[in-house]
Amino acid sequence: MSASPALDDVLARIAAAARAAGRDPADVALVAVSKQQPWEAIEPVLAAGQRLFGENRVQEAMERWSERRAGLELRLIGPLQTNKVREAVGFFDVIETLDRERLAKALADEVQKQGKAPRLHVQVNTGEEPQKAGIAPADADAFIAEARGNYGLTIEGLMCIPPEAEPPGPHFALLAKIAARNGVSKLSMGMSGDFETAVRFGATSVRVGSALFGARARP
Ligand SMILES: *Cc1c(COP(=O)(O)O)cnc(C)c1O
C-alpha cells in the first residue's frame with residue numbers, strides 16, 4: 001500500500017473518469033493543493049510520489065517549499081499582486097491566474113529581466129461573479145490575443161472556478177470552448193467536489209485539496 005490511500009483514491013477516480021470519457025488517464029495531471037495544510041498532511045502525499053503541487057499565496061508557498069523545491073512542479077493558483085510578480089516568476093513553474101492587463105505587462109517585464117518564463121494560464125470568470133477574479137468570457141478572446149500579441153506571452157492554458165451554487169458542467173464546457181477557439185491546449189478545472197465532471201469535460205489538470213489532505217483550517 002502507498003503512503004497515502006487518499007492519493008491512491010483520487011488518482012484512481014481520475015483514471016476511471018478519464019477512461020469513461022474515452023480519454024487517456026495520462027492526459028490528466030493532478031495538482032495537489034497544499035495551501036493552508038499542515039506538513040503532517042502533506043508529507044504522506046509527497047512520500048507516495050506526488051510531485052505537482054498548487055498554492056494560492058506566493059509567500060506561503062515559498063515558506064513551505066523553498067527548502068525542498070528540487071524535483072517538484074509548483075503552480076500558483078491564487079490571485080497574483082503585481083508587487084509579488086518578481087518572486088512568483090522566480091519561484092513557480094506555472095502561474096494559472098493571469099487575469100488582467102497590468103499583470104500581463106508586469107509578467108512580460110519580469111520574464112524579460114529574469115530570462116525565465118513560467119507557463120501561463122488565463123483565469124476566466126465563467127460565472128461572471130463580481131467577487132471572483134478572472135476575465136469575463138466575452139473578453140477572453142481579446143485578452144488572450146493581447147497577452148500574446150502586445151506582451152509576447154505564451155498562454156498555455158485556461159483556468160476557471162465555477163460558482164459554488166451551480167452545476168459545474170456548463171462552466172467547464174464554456175472554458176473548453178474558449179480554449180479551443182483560441183488554440184489554447186491546457187484546461188485547469190475541477191476541484192475536490194467536481195474533478196470527475198471536469199475530466200469528462202476535458203480537464204488536462206484538476207486542482208484537488210481537501211479530498212487529498214483533509215479539510216483546511218478555516219481562516
Ligand atoms: C483551494 C483551491 C482548490 C482546492 O479546493 P478543494 O475543494 O479543497 O479541492 C482548487 N483551486 C483553487 C483555485 C483553490 O483556491
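Residues are numbered from 1 along each chain as its sequence is written, and side-chain values use heavy atoms, with hydrogens and water left out. Because the model is predicted, local features need pLDDT of at least 70 and side-chain atom pairs count only at pLDDT 80 or more, while totals for chains, interfaces and linings use all residues.

Strand 2 spans residues 52-55; strands (E, at least two residues) and helices (H or I, at least four residues) are DSSP runs, numbered from the N terminus. In a regular strand the side chains alternate between the two faces of the sheet. In strand 2 both faces are covered, with Leu52 and Gly54 buried on one side and Phe53 and Glu55 buried on the other. Here buried means under 20% relative accessible area, exposed over 50%, and partly exposed in between (1.4 Å probe, protein chains only).

Strand 1 (residues 29-33) runs parallel to strand 2 and is joined to it by two bridges; two strands pair if DSSP finds at least two bridges between them. Gly54 in strand 2 stands opposite Val33. The chain passes from strand 1 through helix 2 (residues 39-47) to strand 2 in a right-handed β-α-β crossover. A crossover is right-handed if, with the strands pointing away from the viewer, the path from the first strand over the helix to the second runs clockwise. Strand 2 is also parallel to strand 3 (residues 73-76), with four bridges between them, and Glu55 has Leu76 in strand 3 as its bridge partner. A right-handed β-α-β unit is formed by strand 2, helix 3 (residues 58-65) and strand 3.

In helix 2 the buried residues are Ala41, Ile42, Val45 and Leu46. They lie on the same side of helix 2 because they cover an arc of only 125° around the axis, the arc being that of the directions from the helix axis to the C-beta atoms. Glu40 and Ala47 are exposed on the other side of helix 2. An α-helix has 3.6 residues a turn, so residues three or four places apart point the same way.

The largest pocket has a volume of about 970 Å³. Of its 32 lining residues, Lys35, Ile161, Glu164, Met191 and Arg216 are the closest to its centre. A pocket is an open set of points on a 1 Å grid over the protein atoms alone, where a 1.4 Å probe fits, with protein on both sides within 12 Å along at least five of seven lines; lining residues have an atom within 4 Å of a point. The volume is the space filled by probe spheres set on the points. The lining of the largest pocket comprises 13 nonpolar, 10 polar and nine charged residues. The second largest pocket holds about 160 Å³ of space and is lined by Asn56, Arg57, Val58, Gln59, Pro79, Gln81 and Lys84.

Gln36 is in the loop between strand 1 and helix 2 and is partly exposed, with a relative accessible area of 30%. Glu128 is in the loop between strand 5 (119-123) and helix 6 (137-149), and is exposed at 56% relative accessible area.

Definitions and conventions. Nonpolar A, V, L, I, M, F, W, Y, C, P; charged D, E, K, R; others polar.
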